[in-house]
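Please look over the sequence and the structure shown here before reading the report. The text then goes through some of their features in turn.

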Amino acid sequence: MLPTVSAQCGFVSATAEGVSLCYRVNADGVTATLTHPERDWPYYGAGKPKGGIAVPATVTHSGKEYRVAAIDSYAFYGCDSITSICLPDGVVRIGTQAFNGCRNMKSIAMGRELKAIGEGAFAYCAAMDSLVLPATVDSVGMLAFSMCTGLRHVEMSEGQRRRCGSTVFHGCELLGERMEGSSRGEGEFLKKMDAKTGF
């Protein structure tokens with residue numbers, strides 16, 4: 001079942017693995033955003049993406065090539081059959097709750113130009129056990145990796161650690177003291193989390 005072309009989804013393009021994904025052309029006319037097929041509801045129907053997905057660096061529509069620059073909010077919301085995601089270097093932003101509920105996604109490879117990760121972007125990605133945050137990332141939203149209950153290792157710079165809010169890794173109880181770049185133990189890290197913030 002192919003995603004539906006709509007105001008939210010300008011066109012559909014298949015990955016090398018044969019997974020059909022939705023895109024819209026950005027205002028600059030040269031880049032595109034990978035988006036969700038439905039405008040008003042974040043859930044997928046029967047055609048939700050699954051398996052390992054490598055998002056292409058460029059997509060072609062009506063004979064013109066566009067560089068993929070962003071992953072929209074809710075783009076893969078609840079896609080619990082995705083096992084891995086590889087993002088190209090050109091992606092600079094991952095939107096709010098973009099991968100929320102991808103509970104069987106074991107790995108995410110982020111591009112080397114990524115700058116911002118939205119709120120709850122990877123919440124409830126329970127199968128993910130390690131994370132490498134590219135050095136280019138300078139903004140990580142609240143609860144971005146909350147309830148990633150299998151997460152054991154995070155590699156990030158001390159500067160990134162300082163910029164992260166107290167709820168970014170809320171509920172990631174297996175991290176222990178494996179927070180690369182952190183000068184403080186995980187016990188102190190968890191105590192400072194805002195436990196009242198729900199998701």
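## The chain as a whole

This is a predicted model. The chain is built with 2 helices and 14 strands. It has 199 residues, and 47% of them count as buried.

Contacts can also be sorted by how far apart the partners lie along the chain. Among contacts with a separation of 6 or more, 44% are between residues 24 or more positions apart. The accessible surface of the chain is about 9,400 Å², and carbon and sulfur atoms make up 50% of that surface.

## A sheet of three strands

Strands S4, S7 and S9 form an open sheet of 3 strands, in the order S4-S7-S9, and their pairing is parallel. The edges are taken by strand S4 (51-54) and strand S9 (107-109); each has a single partner strand, so one side of each has no neighbour in the sheet. On average, neighbouring strands of this sheet are turned by 15° against each other, with direction ignored.

Strand S7 covers residues 82-86 and runs parallel to S4, to which it is joined by 4 bridges. In one of the residue pairs, Ala54 has Cys86 in S7 as its bridge partner.

## Ile82 in strand S7

Ile82 belongs to strand S7. Is Ile82 buried or exposed? Its relative accessibility is 0%, and buried means under 20%, so Ile82 counts as buried.

Which residues does Ile82 touch, not counting those up to four places away in sequence? They are Pro49, Lys50, Gly51, Ile53, Phe76, Asn104 and Met105. Ser107 lies 25 residues from Ile82 along the chain, and the C-alpha atoms of Ile82 and Ser107 are separated by 9.8 Å.

## Thr15 in a loop

Thr15 is placed in the loop that lies between strand S1 (11-14) and strand S2 (20-25). Why does Thr15 count as buried? The reason is its relative accessibility of 7%, because the buried class takes in values under 20%.

The side chain of Thr15 makes a polar contact of 2.7 Å with the side chain of Glu17. If neighbours within four places in sequence are left aside, Thr15 is in contact with Leu21, Ile53, Ala54 and Pro56. One of these, Ala54, is the residue whose bridge partner in S7 is Cys86. Another, Ile53, is also among the residues that Ile82 touches.

Conventions
Residues numbered from 1 in each chain as written. Predicted model: local features only at pLDDT ≥ 70, side-chain atom pairs only at ≥ 80, totals over all residues. Heavy atoms only, no water. Buried < 20%, exposed > 50% of the residue type's maximum accessible area, 1.4 Å probe, protein only. Polar contact = N/O pair within 3.5 Å; in protein donor to acceptor, adjacent residues only side chain to side chain. Contact = heavy atoms within 4.5 Å. Pairing = 2+ DSSP bridges. Axes fitted to C-alpha atoms, helices over the stretch in contact; angles between N-to-C directions. Areas by Shrake-Rupley, 256 points an atom, 1.4 Å probe, with all protein chains shown as cover.
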